[in-house]
Amino acid sequence: MNLVDGRVDEALRRCTSAAARRADLEEITRAAAALRIAPDAKLTTWYRSGDAAKAVVRAKTVWRTDEGMRSLAIDVRLDAEGTAWLIQAVRDAYDYVQAELIKAAEAAERESVLQANAELIDPTIALQIRRAAEKLSIEGKHDDALRAAEAALAVGARLNAHYELGYGYLTRGSVYKRRIEWNRALADYEKARIEFVADKDKEGEAKTQSRAASIYTRVGLHTKAIVFYENALRLFREIKDDNAEADALQDIGAVLKDLGRPEEALQRNTEARLIRQRRGETRRDAILMANEAGLLSDLGRYGPAVALFYKAIEILREHKDSDSLGYALNNLATTLDELGRLSESRESLQEAQAAFRAVGNHSGEWMATHNLAGLLARLGIMDQALELGLEAARLAEQLDERRYQSQTDGLLQEIMLETNEYAQALALTEGRLEAARATGNRVQEASAHLVAGFALTGLDRLDEAKIQFDAAAKIADSLQSRLLQRQTWRGYGKIAEKRKEWPAAAYAYGCAISAIEKDRYSTQEQSLQTSFLRLHIPIYRSWIRALLESGRIDEAYFASERAKARGLVDMLRDGRIDLSRSMSADQRQRARELDENLKELSARAEQTVVTDELDALTTAIQKAQKEIDDFRIALYLERPDLEARSGEFAPASLQEIASALFRTAPSSAIVTYTFIDEKCHIFVLRRTKSGAASIHHVVSPMRTSRIYDQADRLWREIMAHKPTYRGAARALYTGMIGPVETLLAGKTHLIISTDVAMPDIPFIVLLDARGRPLIERRSVSYAPSVTALVRMVQDARSRGRRAAGLLAVGAPKFGPGFSPLPATADEVRRVSATMRHATTLIGASATQERVIEAINRVRYIHFATHGVLDERSPMQSAVVLSPSATSDGRLTARDLARQDLKADLVVLSACETARGKRVNGEGILGLTWALFIGGTSATIASQWQVADTSTRTLMVEFYRRLSSGSPSKLSTAEALRQAQLAVARDPRYRHPYYWAPFILTGNWLR
């Protein structure tokens, strides 16, 4: 039947006149009906609201036959030029033919239906069948969907039309994609592309490229996905489809994010946002805004990321887009988790759960539930974590997604292992192994063996546990996966520990540490705000415990050093040189290619669903790793200076410690603390009579929990100016200094290096048995790690006297939210008067620009101003200066880390400047950490909010002693000690709140 024919066609054209629309539609309907049915049919006509030039018009006719009431509905719309009407849908006989074609199971049956209804076979029915296939596929009726897709292709072949064949293949490919039959889907997308190219249909061609790219992304071939998305982007731009262009840019950004290239991803996301903003699409712009926030978080820019997340979430709420809102909330939760804001992260995940449930997005609900279970497990709320883990498992089973099921099983097993539910964890292993083997996922298979091994170890079935770890080790070696290798070695260590075979345990844990550190050095661009080692500190502690139990005291000390301040030590050792800058352009390109190739192969090996491909992939991975090793060896031969910067970490040796720290300061001793379970291990390093350095080990009689209780009490009572602090000060002296008192005989200076698990303790306040504070007999300084301190002292000696003079900054013109500090202007003037060469910046002149201009040219730097502690994002901690036209007045830790400081000492005469965020493996990140990276070798900063007038007195006394022209100049530590004692003698300032807040970290010498 041809509806656009004769006077019907003429009538359709006349419908462009609004005045004639109703009458013409009735005429069109009668004419159409006359071609199909009895002329006495009752007619009903109407049109859909909207733009008259684009409205879809529907004419409906109803008639009676011997079989009952029948109907025919015809939808027509204007073509793109607005000059002709096109049939969009015809119901009734078309529906019957469509159903018969979809029902046909074999090609012969479809051909029979096509021949019997030849007059109805046209593009309209092809479109309807494709839509039916998509609907069935989305509903999970994949077999029915596949038959429908085959029917659409049969219609396309009958019409001999490239366009219909192209969309037929595209539809069938999408059905295969939902069935997770990647190779078949990709083959159909390629066939579709060929048809679209023949039809010169760039839109269809672009869609094939985009859908193929989505599969490559799903299976981990991200580099290949980028190529296909870029092809789609080019085609969308050629046909000027800015909506599809924005989608392609968004997809490219997502892949670049997965490739670890957040800066490039951010650029693509910004391009997509500009299109959405130009189109006035605030909701879709908000989705991209949330993506941008996630990328900023990846780049360590947590403050702007959180602000942008909240802005996007507000817009998505206004638009009632629950689906997109759920994803934004889930990603916000991840960022809040990184910042340690766990309660807010929990709230965000709970809201994400509700949002996904509201729209029936079960995969999103699974994701939020799974993440919430993991968060609660980290918070130690194990009963709720287990309940949510089981809920996530139910959702995964409902979705019939193996990867979801495997991930949730893994989470449940971790929770069960943590709660000593070993039998339950073991019970899940069989199903997880079966799922991993069915999909050919060797990584998940090894992970299941590992969990079984740890569960069996917990059940004391050690021989069986070893079999499981052996199976995991075999897979780990075949995949060259250091992640799996270190977990396997950890398992062997656990078995040896259970058997009290301490040397074997120490060996196994040492191998695990080696794998961890190799991974760390292969990780590019370490963020200042996170630590690679933070998740692995428990393995270091297990290693230290095994070494101590084996009687290998020196090795245990060096093991403890390997877990401290690693990011800082590497910066001090390597400088801030980007390795890529030492390469030629060709070398950088080659390094990128090798790295991307290895990542792509590893992703394929981890996610491949074809077991037969795994051996070939394993061989390819080994070859790719060898190529990288060969490339680096060649680079080191060409540039031997690079190897020292890229080698494996080695703690400062006893010889280095003796030379750097004890040779010129023989009366100094190092006291370093390591906490393992409820034991506080104390290592003392001191100079022997021969000039060497020796290590001694003592276990404190005070349990870890008791130390925490007393430290908390000491802080509370000092902050409240209470004299009762003395009880906690005595108790902590007994537990922290008393056990090593005899080893410290004759030592006048102590260098304290603490474990990240140790609470902040103001050591100079601690009281001995006679009630004397430690400061009366010894000066004290702190070190992030002994290795870091050695590097600082060596650097100070090697650079000689590179700078002179003092920069003193104080009493800025504060913006809103900061109270004036009237005494600091006088403090700056009086401090400057003690130095021969001094530059002062006071009031409005104390801007960030003026400070940065002068900061790299002086030996001493003194800030007398407010300090801002940002525990969530420690590198955003700041000293507060005067605002200017180009700056808000905050000189952040990140700003300081980027300087080229030549200062021997920076004094932060402000509140809480010594504090920051404790990060496993790094110590406290914040202003002092950043200053060391910037180039200074010592800082003086405060542990609590300081009093204005007593601080001024303390600083003047300190600089007066520091600038003394006597032949026997005081060390920085001794100058600070004497200044603190002088303030403590003032009746107004006897309480340690006034004289004890400032601590010296780093090089205590001069």
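Q: Which side chain meets Arg 283 in a salt bridge?
A: Let's start with a pair in this predicted model. Side chains of opposite charge can pair when their charged atoms come close. Here the N to O distance is 2.7 Å, and the partner of Arg 283 is Asp 321.

Q: How many residues apart are Arg 283 and Asp 321?
A: Arg 283 sits in helix H13, residues 282–298. Asp 321 lies in the loop between helix H14 (302–318) and helix H15 (322–338). The pair therefore links distant parts of the chain, and the two are 38 residues apart.

Q: Is Asp 321 buried or exposed?
A: A residue counts as buried under 20% relative accessible area. Asp 321 has a relative accessible area of 12%, so Asp 321 is buried.

Q: What is the N to O distance in the salt bridge of Glu 741 and Arg 777?
A: Glu 741 is in the loop between helix H33 (725–736) and strand E8 (749–753). Arg 777 is in the loop between E8 and strand E9 (779–782), 36 residues apart from Glu 741. Glu 741 is partly exposed, with a relative accessible area of 22%, and Arg 777 is partly exposed too, with 29%. Their side chains meet at an N to O distance of 3.9 Å.

Q: How many salt bridges does the structure hold?
A: Some salt bridges join up: Asp 242, Asp 247, Arg 276, Arg 279, Glu 281 and Arg 284 are linked in a network. Counted over the structure, the number of salt bridges is 53.

Q: How are helices H11 and H12 oriented to each other?
A: H11 covers residues 242–258 and H12 covers residues 262–278. Their axes come within 8 Å and cross at roughly 160°. Angles over 145 degrees count as roughly antiparallel, so H11 and H12 are roughly antiparallel.

Q: How many charged residues are in the contact of H11 with H12?
A: On the H11 side, the contact includes Asp 242, Glu 245 and Lys 257, and on the H12 side it includes Arg 268 and Glu 271. By class, there are eight nonpolar and three polar residues, and the charged ones number nine.

Q: How is H35 oriented to H39?
A: The axes of H35 (residues 822–833) and H39 (residues 948–962) come within 9 Å and cross at roughly 5°. Among the residues that meet are Arg 830 and Val 831 in H35, and Met 955 and Tyr 959 in H39. Angles under 35 degrees count as roughly parallel, so H35 and H39 are roughly parallel.

Q: What is the handedness of the crossing of H7 and H8?
A: The axes of H7 (residues 162–178) and H8 (residues 182–199) come within 8 Å and cross at roughly 165°. That angle makes H7 roughly antiparallel to H8. As for its handedness, H7 passes H8 in a crossing that is left-handed.

Q: How many nonpolar residues are in the contact of H7 with H8?
A: H7 brings residues including Tyr 163, Leu 165 and Tyr 169, while H8 brings residues including Trp 182, Ala 185 and Phe 196. The contact also has four polar and seven charged residues, and the nonpolar ones number twelve.

Technical notes. Residues are numbered from 1 along each chain as its sequence is written. This is a predicted model: local features need pLDDT of at least 70, side-chain atom pairs count only at pLDDT 80 or more; totals for chains, interfaces and linings use all residues. Side-chain values use heavy atoms; hydrogens and water are left out. Axes are lines fitted to C-alpha atoms, for helices over the stretch in contact, and angles run from 0 to 180 degrees between N-to-C directions. Helices (H or I, at least four residues) and strands (E, at least two) are DSSP runs, numbered from the N terminus. Angles under 35 degrees count as roughly parallel, over 145 as roughly antiparallel, 65 to 115 as roughly perpendicular and the rest as oblique. Contact means heavy atoms within 4.5 Å. Ala, Val, Leu, Ile, Met, Phe, Trp, Tyr, Cys and Pro count as nonpolar, Asp, Glu, Lys and Arg as charged, and the others, Gly among them, as polar. A salt bridge is a side-chain nitrogen of Lys or Arg within 4 Å of a carboxyl oxygen of Asp or Glu. Buried means under 20% relative accessible area, exposed over 50%, partly exposed in between (1.4 Å probe, protein chains only). A crossing is left-handed if the near helix is turned anticlockwise from the far one by less than a right angle, and right-handed if clockwise.
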